[in-house]
Amino acid sequence: YHISDHPIKRKIYSFLHILAISLAGKSKMFLTMTFRWFFVFSVSIAVAAIDDDLIPSTLDGPFEPVTVPYDVSLRGNAVDLPDTDPRVRRCVEGFEPEQISVSLSVNYDSVWISWITGEFQIGNNIKPLNPNTVASVVRYGRSRVPLTDEASGYSLVYNQLYPFEGLQNYTSGIIHHVRLTGLKPSTLYYYRCGDPSISAMSGIYHFRAMPVSGPRSYPNRIAVVGDLGLTYNTTDTIHNLKSNKPDLVLLVGDVSYANLYRTNGTGSDCYDCSFPETPIHETYQPRWDYWGRFMQSLISRTPIMVIEGNHEIEEQAGKQSFVAYRSRFAFPSEESKSSSPFYYSFNAGGIHFIMLGAYVDYSKSAKQYKWLERDLANVDRSMTPWLVAAWHPPWYNTYTAHYKEAECMRLEMEELLYSYGVDIVFNGHVHAYERSNRVYNYTLDPCGPVHITVGDGGNREKMAIEHADEAANCPEPSSTHDEDMGGFCATNFTSGPAAGKFCWDQQPDYSAFRESSFGHGILEVKNETWALWTWYRNQDSSGKVGDQVYIVRQPELCLGSIKLPKSSFADS
């Protein structure tokens with residue numbers, strides 16, 4: 001039997017090998033009974049293998065493009081949860097912790113615990129809380145009682161200020177971040193957080209540390225979601241995501257959508273459409289608190305890793321931006337030798353994740369690019385065979401919404417990521433789902449990454465339903481510019497079927513599957529070369545999948561033949 005890297009076939013081979021050894025020297029009657037049992041087993045396992053083989057792999061690609069027609073009934077309930085919903089109401093007293101979350105450091109032996117104490121204030125006469133009045137303490141251990149270890153961290157308060165008459169200002173509760181160290185891999189830990197000196201400790205929560213890095217060591221399931229917001233659609237997405245019991249959540253930008261609101265709490269599906277005359281793009285910061293309360297039941301036990309989206313910019317007085325994003329989440333920036341919360345990296349078992357910032361300088365002369373060169377050069381593919389990158393706006397997007405918007409970033413960074421053999425790229429921003437064939441520079445390439453857009457988490461803005469390759473939908477090139485992303489780089493294609501045109505006349509060959517539905521994805525890495533990607537639609541019954549494919553690495557084909565770009569850190 002040919003030994004295959006396919007996970008099902010490997011299990012069958014291993015079973016046959018063990019069976020052959022165990023049956024050596026046994027009696028004829030014993031062998032007869034054993035093989036009767038084995039016949040039944042083999043039929044069932046064969047059926048499972050055949051069924052499993054129905055799931056395509058990238059080895060079968062490139063795939064013919066597929067578009068699932070839009071069903072208008074699937075718009076769902078794109079209405080934000082009101083502040084009266086019990087899931088977003090404050091349910092603690094005094095300085096007891098709330099909005100508790102776990103995030104990862106660079107390796108399995110460390111995590112961050114974050115929470116908020118005290119109440120936010122919004123109005124014209126706010127008085128920020130003093131973060132030094134409440135300690136930041138986490139007690140933790142491998143048993144619920146006693147919690148034998150203790151760690152301390154730091155705390156802060158942030159303000160969102162608007163120097164315009166009639167606009168309300170905001171000051172947060174006290175935000176705490178504590179890093180736990182010395183953790184054992186794949187081990188369940190219990191913890192409480194708060195300030196024991198004033199009897200303001202949380203209940204007992206738990207999380208499981210990541211597996212140790214290695215070619216056969218992976219989290220069971222990694223949930224990937226983007227553009228969540230806090231609508232009734234969001235609640236469906238998170239409910240379905242929880243049912244898949246992920247070990248890690250990856251949120252690829254656009255978190256609370258607080259910037260769809262004015263400071264008086266009036267919201268809209270389209271801020272600029274509804275409030276064109278406001279002196280500054282306002283936000284209603286309590287939506288962040290509502291989001292943290294709603295998400296606590298998930299992210300207090302399942303680590304979440306977040307990268308910024310355009311809705312996190314939130315400009316305020318003094319041209320400050322991203323203040324809520326930078327304050328509310330803990331990032332392994334220092335641990336991954338990054339100077340910024342906008343880009344960082346971490347390991348989860350045998351996967352090295354690179355989180356990139358699309359709304360800070362990404363040019364080849366920028367700090368982010370130099371950091372990326374160093375980070376990629378230091379990846380040990382024998383220990384972390386899988387290389388996964390994530391940022392907010394997609395490079396390969398065939399919807400009219402945000403079409404070619406991130407082209408400048410692609411032109412700066414794609415060659416570097418390709419040269420190091422990035423396997424998968426996750427994005428959000430476009431409020432729909434799309435999976436690409438393996439692609440590099442708009443050309444089908446067996447060594448290019450699979451790009452997956454999951455900007456369909458459920459936010460209140462409209463769903464992306466129009467495709468740039470459909471008649472009359474191709475946008476004017478000048479309309480694709482996003483000033484938050486830097487320059488304008490979108491031009492006509494120079495080769496291939498769409499040469500000389502700004503859009504294709506049909507679904508591009510690099511687009512394998514696209515559908516306008518809300519949902520989330522699950523990544524299950526099986527071994528050093530096979531990973532199962534599954535996208536679940538909110539409208540489907542439990543267990544039914546919307547899209548599924550095995551993503552297969554071919555390091556013998558790709559990593560040995562790809563040359564590093566001349567500008568790379570490895571060549572400098």
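Both F331 and Y344 are buried, where buried means under 20% relative accessible area, exposed means over 50%, and partly exposed lies in between, computed with a 1.4 Å probe and protein chains only. The model is predicted, so to speak of local features a pLDDT of at least 70 is needed, side-chain atom pairs count only at pLDDT 80 or more, and totals for chains, interfaces and linings use all residues. Residues are numbered from 1 along each chain as its sequence is written, and side-chain values use heavy atoms, with hydrogens and water left out.

**Aromatic rings**

A pair of aromatic rings is described by the distance of the centres and the angle of the planes. Rings of Phe, Tyr and Trp (its six-membered ring) pair if their centres lie within 6.5 Å, and planes under 30 degrees apart count as stacked, those over 60 as edge-to-face, and the rest as tilted. By this rule the count comes to 33 aromatic pairs. In one of them, the ring centres of F331 and Y344 are 5.7 Å apart with the planes at 50°, so this pair is tilted. The pair links distant parts of the chain, since F331 sits in the loop between α6 (323-328) and β17 (344-348) while Y344 belongs to strand β17, 13 residues apart. Helices (H or I, at least four residues) and strands (E, at least two) are DSSP runs, numbered from the N terminus.

Another pair is formed by Y396 and Y510, whose ring centres are 5.5 Å apart and whose planes stand at 70°, so this pair is edge-to-face. Here Y396 comes from the loop between β19 (386-390) and α8 (407-419), and Y510 from the loop between β24 (450-454) and β25 (511-515), so that the pair links distant parts of the chain, 114 residues apart. Y396 counts as buried at 4% relative accessibility, and Y510 is buried as well, with a relative accessible area of 2%. One aromatic cluster includes, among others, W288, W291, F331 and Y344.

A charge sits over a ring if NZ of Lys or CZ of Arg is within 6 Å of the ring centre and within 35 degrees of the ring normal. K404 lies over the face of Y442, at 5.8 Å from the ring centre, and its charged end also sits over the ring of F502, 4.6 Å from the centre.

**Salt bridges**

Side chains of opposite charge can pair when their charged atoms come close. The structure holds 24 salt bridges, each being a side-chain nitrogen of Lys or Arg within 4 Å of a carboxyl oxygen of Asp or Glu. The table lists some of them.

| Salt bridge | N to O distance |
|---|---|
| R87 and D85 | 2.9 Å |
| D547 and R435 | 2.7 Å |
| D469 and R514 | 2.8 Å |

D469, in the loop between β24 and β25, and R514, in strand β25, are 45 residues apart, and both are buried. Salt bridges that share partners also join D80, D269, R287 and R460 into one network.

**The chain as a whole**

There are nine helices and 28 strands in the chain, and of its 572 residues, 57% count as buried.
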